[in-house]
Amino acid sequence: TLVLVAVADVLIDAASVLGGDAILRILYVKLAEAQACWGNGQNEWRPAEAALFCVRAISKYVSTDEAEVMPKIMSLLLELPDQPQLLQTVCLIIGAYSRWLDAASDGLALLSSVIKVLLRGMGTSEESAAAAALAFRHICDDCRKKFSGYFDDLFSIYHRAVIGEGAFKVSAEDSLHVVEALSMVITELPPDQAKQALEKLCFPVVAPLQEIISQGPELVGKKHSRELTVHIDRLAYIFRYVNHPEAVADAIHRLWPLLKAIFDVRAWEMRTMESLCRACKYAIFGSDPSCALYLKSLIEALFTHTKCLLTNIEDFTLRPDIADDCFLLASRCMRYCPQLFIPSEVFPSLVDCALIGVTVQHREASNSILTFLSDIFDLRKSNLEEQFLSIRDNVIAPRGPAITRILIASLTGALPSSRLETVTYTLLSLARAAGAAVVEWGKESVALIPSTAVTEVESTTFLQALSDAASGVDINTLMGPVEELSDLCRRNRMVQEIVQGALRPLSLK
C-alpha cells in the first residue's frame with residue numbers, strides 16, 4: 001500500500017508540472033501492454049489493475065475535454081473481466097472521471113455502459129460493491145442533468161441496493177451513497193415530478209419502519225437500534241440532498257405520525273433518538289415560505305417532545321447526544337427560520353430547558369446549548385422584523401438575572417476552563433442584546449460571591465468590563481477581566497466550591 005501511495009504521489013507531481021493529459025497518454029501505453037498480456041491468454045490481471053490505479057491517481061489533472069485517450073480507456077473498462085480487485089479499481093475510475101463522463105460527446109450512451117459495469121461491481125464482492133456505490137454517487141452528482149429523464153431506470157438500482165434484493169452485496173453504510181445519488185437526481189426534476197419521485201424514493205425506506213411499528217410498542221421497544229436507524233439514516237440523506245423544500249416538507253408532514261411513534265416508544269434509547277433528530281434537522285427549509293405551516297408544526301411537535309426528556313441536569317448527563325442534537329437543531333431554526341421559531345409556544349420553554357442543561361459536562365452538548373443561547377442574543381445582527389425582536393426581548397427580560405447568574409457560574413467553575421471563550425462570547429452576546437440591564441443582573445450575581453473569594457476591586461473590574469461589552473466593545477476587552485475572575489474563583493477546590501455554592505440557582509440545587 002505504501003508503494004502505491006508513493007507512486008500516486010509521484011504521478012500527481014508529474015501531472016501538476018506536465019499536465020494530466022500528457023501523463024495519461026504515457027499511462028495508456030502501459031495499459032495497452034497489460035491488455036495485450038491478458039488477451040494472449042496469460043490470465044494475468046494485475047498489470048492492468050496497476051495501470052488503472054495510476055490512471056485514477058491523476059484524474060483531477062485530466063481535462064474534461066480530453067478526447068484522444070479517455071474514450072479508449074472507457075471502452076477498455078467495459079471489456080475487463082469481473083475479477084473482484086480489478087473490478088473495484090474499475091469502479092473507482094468511473095467515479096473519479098465522472099466530470100469527464102458528463103462532458104463527453106457520447107456521454108449518455110457511455111453512461112449507460114458504465115452503469116452496467118457498476119451493477120457488476122455491486123454484485124461481485126463487498127469491496128467492489130462499495131466502490132461501485134461510491135462511483136454511482138459521483139456520476140449521479142456530476143451527470144444529474146443527463147439522468148433527469150431516466151429516474152425510473154435508476155430507481156431500480158436504488159431499490160435493489162436499499163432492500164438488498166438479488167445478488168447485490170452493497171452494505172447498509174454504502175447504500176447511503178445510492179440514496180444520495182437518487183436524491184441529487186430528483187433535485188433536477190420539475191417540482192411536480194420531484195414530489196412523485198420523492199414519494200417513490202421514501203417508500204422502500206418507510207415500509208420496513210411501518211412494519212416494525214405495527215408490531216406494537218412492546219416489541220418495538222425490544223428491537224436493536226440498528227433495525228431502526230438503518231432506515232432512519234436513509235431518510236436523513238433523502239431530506240438532506242433532495243433540494244425541493246416543498247416536496248420534502250410534504251413528505252415530513254405525511255411521515256410525522258410514523259416518526260412520532262418511534263419518538264414515543266424509543267425515547268429512552270440514545271442512538272435512535274440521535275438518528276431521528278438528525279433526520280429532522282435536515283428537513284429544515286425555513287427560507288421557503290410555502291413550507292411555513294409544515295415546518296412550524298414540525299418544530300413545535302419535535303421540541304415539545306424532546307424537552308420532556310430533558311427536565312433536569314441528570315437527564316442532560318444521561319442523554320447528552322439528544323441534548324446536543326436538540327440544540328443544534330434549535331440553532332438551525334434560529335438562523336434559518338426565526339420568524340417561525342420565536343413566536344412558537346415552545347420557544348420560551350426551550351430557553352428554560354437550555355438554562356437547566358448549560359452546565360452539563362459533556363463538551364458537545366454544552367457547546368451546542370451555549371451556541372443556541374448566543375444565536376438568540378445575536379438576533380439584532382439579522383434583518384429580523386422588530387416584532388420578533390420584541391418577542392425575544394420579552395422572553396429574555398424575566399430570565400435575564402438567571403441567565404447571567406448561570407453564565408457567571410460557568411465562568412467561575414461550573415464548566416471547565418477550556419470552555420471559557422465560548423461562555424464569554426455568550427455573555428458578550430447577552431450584554432449586547434440586553435444593554436445596561438445586564439450590568440444590574442451582573443451586580444446581583446457577583447454580589448453573591450463571598451469577599452473571601454473575590455474582592456470588591458476585582459468585582460468592580462469585571463462589572464466595568466461587562467458594562468463596556470453592553471456598549472459594544474469587542475470580546476477581547478471582556479476576556480481579560482473574565483480570565484482574572486475565573487482564575488480567582490478556581491484557585492483551589494475550597495474557593496471554587498464556595499463560589500459555586502453561592503452562584504448556583506436554587507432551581508438547580
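Entry 1, burial. I took a residue as buried when its relative accessible area is under 20%, as exposed when it is over 50%, and as partly exposed in between, with a 1.4 Å probe and protein chains only. On that basis I found that buried residues make up 51% of the 509 residues in the chain. I noted that the model is predicted, so that local features need pLDDT of at least 70 and side-chain atom pairs count only at pLDDT 80 or more, while totals for chains, interfaces and linings use all residues. Residues are numbered from 1 along each chain as its sequence is written, and side-chain values use heavy atoms, with hydrogens and water left out.

I looked up the secondary structure, taken as DSSP runs numbered from the N terminus (helices are H or I of at least four residues, strands E of at least two), and found 28 helices and zero strands. The C-alpha atoms fill a box of roughly 90 × 55 × 45 Å along the principal axes.

I turned to α15 (residues 245-266) and α16 (residues 270-282), whose axes come within 10 Å and cross at roughly 150°; the axes are lines fitted to C-alpha atoms over the stretch in contact, and angles run from 0 to 180 degrees between N-to-C directions. That crossing makes α15 roughly antiparallel to α16, a term for angles over 145 degrees. Counting heavy atoms within 4.5 Å as contact, I saw W256, L259, I262, F263 and R266 in α15 meet T272, M273, L276 and C280 in α16.

Terms used
Parallel < 35°, antiparallel > 145°, perpendicular 65-115°, else oblique.
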